[in-house]
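Q: I have a protein model open and would like to go through it step by step. Could we begin with the overall picture and then turn to single residues?

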Amino acid sequence: MAATYRPAASLTHLQQNGQPVTAVSFDPVSDILWAGFNTGNVVALYTPRGMRGVGFPVGGDLAVKKIIASDQYVRAVGLASKGVGQWGKGGRNQWYCGSIATPTTFSNNSPNSNVVAVSTTSPELLELNSLTGQVIRKSPMVSIINHLQYTHSCLLAGSSDGTLRVLDDRSNNRTESSVKTHQSGIQGMQYNGNNFVYTIGWSLRQGRPFSDPLVKVYDIRTMRPLPPIAFSDGPAFINILPKRSSSLVITSNQGLVNIVDVLNPNSGSEFYQLDIASYISSVSVSPTGLYMAFGDADGAIHLMTAGGEDDPGMFWVCMVFIYVPDNLSIGFVPTFNGFEGQPIDWVDTSESLPHIEWTDSTPLNTIGLPYYDRPLLSSWTSQFISNNLYYPPSAKIPQHVLNTMKMNDNVAYAALPKELKGRRNMVFSGRRNDYGRFRSGKQADNALIVSQPEPNTPIFDSSEIPRLYRKVEIEYSKFGVEDFDFGFYNKTDFSGLETHILNSYTNSMLQVMHYILPIRRLSMSHTTTNCPREHCLLCELGFVVRMLEVAQGTNCQASNFCKTVGVLAQSKNAIDIIDYGREPTEVDYAHMIQSFHRFLLDHLSLEGNTFPHNPHIFVSFDKGDYNAPAAAPITQLLGIDAKNVITCTNCHAIRDKENMTHIVDLLYPRKPSANEPMPASDFASILRNSLLRQMTHKATCQTCKQFATFSSRRSISTSDLPLVLAINASAYNDENLGFWLDNRNQTFLTPQVEIQGQIEGEDDPDIAIYKLRAFVVQITSKEKRPHLVAVVRVPEAEERADLQSPWFVFNDFVVRDVSQEEALSFPGKWKVPAVLYLERIDKNRPSLDFSQLPDEIDLSILSRDTSISVNRDKNLIKHKCLRYEELPKLGTLVAIDAEFVQMQQEETEYRSDGTKKVLRPARLSLARVSVLRGDGPMEGVPFIDDHIHTSEDIVDYLTEFSGVKYGDLDPDTSRYTLTPLKLVYKKLRLLVDRGCIFIGHGLSKDFRIINIFVPPEQVIDTVDLYFLRGRQRRLSLKFLSWFVLHENIQIDTHDSIEDARSTLMLYKAYQGFEEQNIFDQKLEELYKAGRQYASVIQFNSILQNLTLPYLELETSST
């Protein structure tokens, strides 16, 4: 093929000391070549003769990395730049975006808006306003981006990890598709405008990067790779050849240039070898393709041109007369683009200043003012000026609104006065129902409340789904979640679980586990052992089921269990069972809970395994069985110890393989062919076939050495079937779900199931009878995301005649008794089965024996001083552990106070009328707990004063209210007694189980966050003792201590020992007032004093700044 380009005169001596030319870019409208050097400066070179023009620094002392020249500006970035800037053609900076992480590259302008994309080392992607340089949006990226280019429909990003990503700039730069182009990074990327993108990069050879000899080609519509282009010399730069968009200019560091037609690579290529003494460091092609520029490491720019000396139309005729300073003399000059273009902006030459004889009497106006022939930077363009900047002026906010204004972060809000209603924008938030949602909003007329069958709770509207099964959400008043009336939704003796916690989708599984009595017993027993694991699901399950057992219908929350699920799932990379708190409607919770079911049982078996010291939980008449090692207790209870019999159909060789599993995954019969009999489709048959699991597969037989078909089946006798059968329904499609749907008033599920084992292919004559105990279903709606519901046959309700049936529906905190027919019915596709549990009830079942299991927590943990802090200061130890004779008994008085830190900020939305709605409350975690002796010779002396170690990130230490500072909960830096949360929980659980009476202030919230249920008869709350019925205000601990005890507490911060001791003294004072029959009088005096001090202030925030203790609305623990 004939050569198109010929060498032109090189541009040398552009920089002193021969600094490398690290970036070049042709100006599209002027006869300028912009060159960036290793010193961090950009210089304009006028005409192909390289006359030096304006120059400017891009920031930093390192090389200029990229230059883009446009009609009106030049953008550039350097390796050490603190931002990205834009300059005019005369060198004046137009804007500079700094105060960001080190930028790595930037893109061309978006074709759809005035936006330019910038990537940083954070790594993140910034979108800037191309007119002002202001950051519009930030998006986190998975790796550092080295190349960016906007197309007509998307943003292409080449990353340092070798991945090419297609980003949707309309949806927060979400990755639409990606492909791994090179193993060790992308070195260059070009888009030709016809949906093709070209990349060069680095590959790995023996663990070291080397230049990939292929130019990769991809179709961005499908990210499908096309045939690559070979370049054996190692491509270092690629450029699209203008006006020949299918042609690509490939350049190596050694100066070999190849121009190839990508669509027809076999038609012949052009090869050129540059005459260089070093290596090529930058390449650019002019917008018309007339010139190519190659910068080298010696500071020279080598030019190649497509115009010939005898071609007047292409080269020599396209001359322009330009203004040249007096000290230069040139004639006709060729142009880079082949046309005249815009005039060149030369560097202004400063006139010499006139000489002024300066004396004491010289007038200042002699100097004069400068004359400006162009707008100053302070002269804004019309694009920056609002049309309504001055008129009409904004309406003034009335003074009485300003007086009631409150601040939350940087947002000011106030309630809208009555006289302004209807005159400003307001969003109608819907009618509020005061019946049954919040306890503080209940009206006195109980009959009216009873007349409301259901609260107006946000539920999805579907005529097919019964109200009981619909999704319910907790709403939050200004008093927090404690004000929500859970009792309105649950009038039974069986507790529900709250939903405002991440991973609370496991509530249904917890209810099922709680009502499997053997599992309840095993998990509660495990909590009494000295478990060494900080995060143990079996321990947390034991704590939850114990709480549900004693709560007797009071709502509970499984926050510690849910937190442990998240921690363990992250550590095992089981991200499919983590709930991130988002609201997508396509979440398949049925699949999610079945994955969690398997994850849970595996962990329960592992965490409860103390082999070879596992206790035997079944009665055995053979004494030798008790001496043999036993499996983990959960495995003994749920394990299916079967034998897989595998037979080669070719040589009939048989081999056995032991198999142990905890869960049966249901296998549904396929549709038979025309000549096959209809398979059994009842629940018992499907369960038995899934248990025996007869299957075929192909493999090479080790006996006959042939590739043959193998048949496999499980062999398990009826006597070996487990006491509890755990099942995953696996109804993942409509065909499988069809087996479950009611047919002709017949339900697929039955209360009892008979299962027959199989030994060596023969049916076992014995039959095992299982009773359906509980199952989990997914409730599916088209409008809202699905949720999970547990349907349980409650053991404690089986003998009660006052109930409709022993079947209960646990829809999180909604608990309702239902008939057996409704419980087992699957009337439509909105009810999808997920997990089932069956208990064996036939006379041949093994008998349980829990005599070897521990059932009490070791009392000595209250007498042991335990701390994991390596730098504990003995002078800060304020507690003395209990002596043996002080160990708690029934009725022992203890005073308690706890402090908390914030693990997650509150999520709220502010309405236009000034009100706010809590979407998700702040998540708090126990940081310190102090328990004091309530009587005896050491009354008031703490025996527990533990700071709580947490492995999670803490958002806010709440030091003003908790007294906890950064580092106090870190084992390496804490000077206090630092204890794992589980050990502290055991101590408190032991005090509750021993019947201690807890004295404190605002204990309901404390116990809720600690996640422990204390029976009301074991709680003495001073916030309730010193409270007048009929009054809305409750008294703070600070005010009570000042008025009753004449002590000032909480002066600088809160201290849990001080607060607990104050509550104990308040209780003692209450007893003294009662003995003198003056308590009612004291209470009236107390409220009178509270009104006196509360009448001079309007806001709690102002009260907190007074040195005088005050009366406040009790919303916190102290």
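The conversation below goes through this structure, which is a predicted model.

Q: How many helices and strands are there in the protein?
A: The protein has 21 helices and 53 strands. Please keep in mind that the model is predicted.

Q: And what share of the residues counts as buried?
A: Of the 1118 residues, 51% count as buried. As for contacts between residues at least 6 apart in sequence, 58% of them join residues at least 24 apart.

Q: Let us look at a single residue. Where is Tyr5?
A: Tyr5 is in the segment before strand E1, which covers 6–7.

Q: Buried or exposed, that Tyr5?
A: Tyr5 is buried, because its relative accessibility is 6% and the cut-off for buried is under 20%.

Q: Which residues is Tyr5 in contact with, leaving aside its neighbours in sequence?
A: Beyond four places in sequence, the contacts of Tyr5 include Leu241, Ile259, Glu270, Tyr272 and Met304. Gly289 and Met292 are also among them.

Q: How far apart are Tyr5 and Met292 in sequence and in space?
A: In sequence, 287 residues separate Tyr5 and Met292, while their C-alpha atoms are 8.8 Å apart in space.

Q: What does the side chain of Tyr5 reach at 2.5 Å?
A: The side chain of Tyr5 reaches the backbone oxygen of Gly289 at that distance, 2.5 Å.

Q: Now a strand. Which strand holds Ser107?
A: Ser107 is in strand E10, which spans residues 103–109. With a relative accessibility of 0%, Ser107 counts as buried.

Q: And what is Ser107 in contact with?
A: Outside the four places on either side in sequence, Ser107 is in contact with Lys66, Ile68, Val116, Ala117, Leu148, Gln149, Tyr150 and Leu155.

Q: Switching to helices: at what angle do H5 and H6 pack?
A: Helix H5 (residues 517–526) and helix H6 (residues 537–551) pack at about 115°, and their axes are 7 Å apart. That angle makes H5 roughly perpendicular to H6. Their crossing is left-handed.

Q: Which residues meet there, between H5 and H6?
A: From H5, the residues are Ile519, Arg520, Ser523, Met524 and His526. From H6, they are Leu538, Cys539, Leu541, Gly542, Val545, Arg546 and Glu549. By class, this contact of H5 with H6 consists of six nonpolar, three polar and three charged residues.

Q: How do H18 and H19 pack?
A: Helix H18 (residues 1037–1045) and helix H19 (residues 1056–1075) pack at an angle of about 50°, with 10 Å between their axes. H18 is therefore oblique to H19. H18 passes H19 in a left-handed crossing.

Q: Which residues of H18 and H19 meet?
A: Leu1037, Leu1040, Ser1041, Val1044 and Leu1045 of H18 meet residues of H19, including Asp1059, Met1065, Leu1066 and Phe1073. The contact of H18 with H19 has eight nonpolar, three polar and one charged residues.

Q: What about H11: how many of its residues are buried?
A: Seven of the ten residues of helix H11 (residues 683–692) are buried, so H11 is largely enclosed by the rest of the structure. The buried residues are Phe683, Ile686, Leu687, Arg688, Ser690, Leu691 and Leu692. Just after H11, Arg693 has a positive phi of about 55°.

Q: Where else is there a positive phi, say at Asn195 or Asn503?
A: Asn195 has a phi near 70°, a positive value in a residue other than glycine. Asn195 is in the loop between strand E18 (186–191) and strand E19 (196–205). Asn503 also is not a glycine and has a positive phi of about 70°. Asn503 is in the loop between helix H3 (446–450) and helix H4 (507–514).

Q: Are those two asparagines buried or exposed?
A: Asn195 is buried, with a relative accessible area of 16%. Asn503 counts as buried at 5% relative accessibility.

Q: Last topic: which residues does a cis peptide bond join?
A: Pro123 is in the loop between strand E11 (115–120) and strand E12 (124–129). Another joins Phe611 and Pro612, with omega about 5°. Pro612 is in the loop between helix H8 (589–607) and helix H9 (623–627).

Technical notes:
Residues numbered from 1 in each chain as written. Predicted model: local features only at pLDDT ≥ 70, side-chain atom pairs only at ≥ 80, totals over all residues. Heavy atoms only, no water. Axes fitted to C-alpha atoms, helices over the stretch in contact; angles between N-to-C directions. Helix = DSSP H or I, 4+ residues; strand = E, 2+ residues; numbered from the N terminus. Parallel < 35°, antiparallel > 145°, perpendicular 65-115°, else oblique. Left-handed = near helix turned anticlockwise from the far one by under 90°. Contact = heavy atoms within 4.5 Å. Nonpolar A, V, L, I, M, F, W, Y, C, P; charged D, E, K, R; others polar. Buried < 20%, exposed > 50% of the residue type's maximum accessible area, 1.4 Å probe, protein only. Polar contact = N/O pair within 3.5 Å; in protein donor to acceptor, adjacent residues only side chain to side chain.
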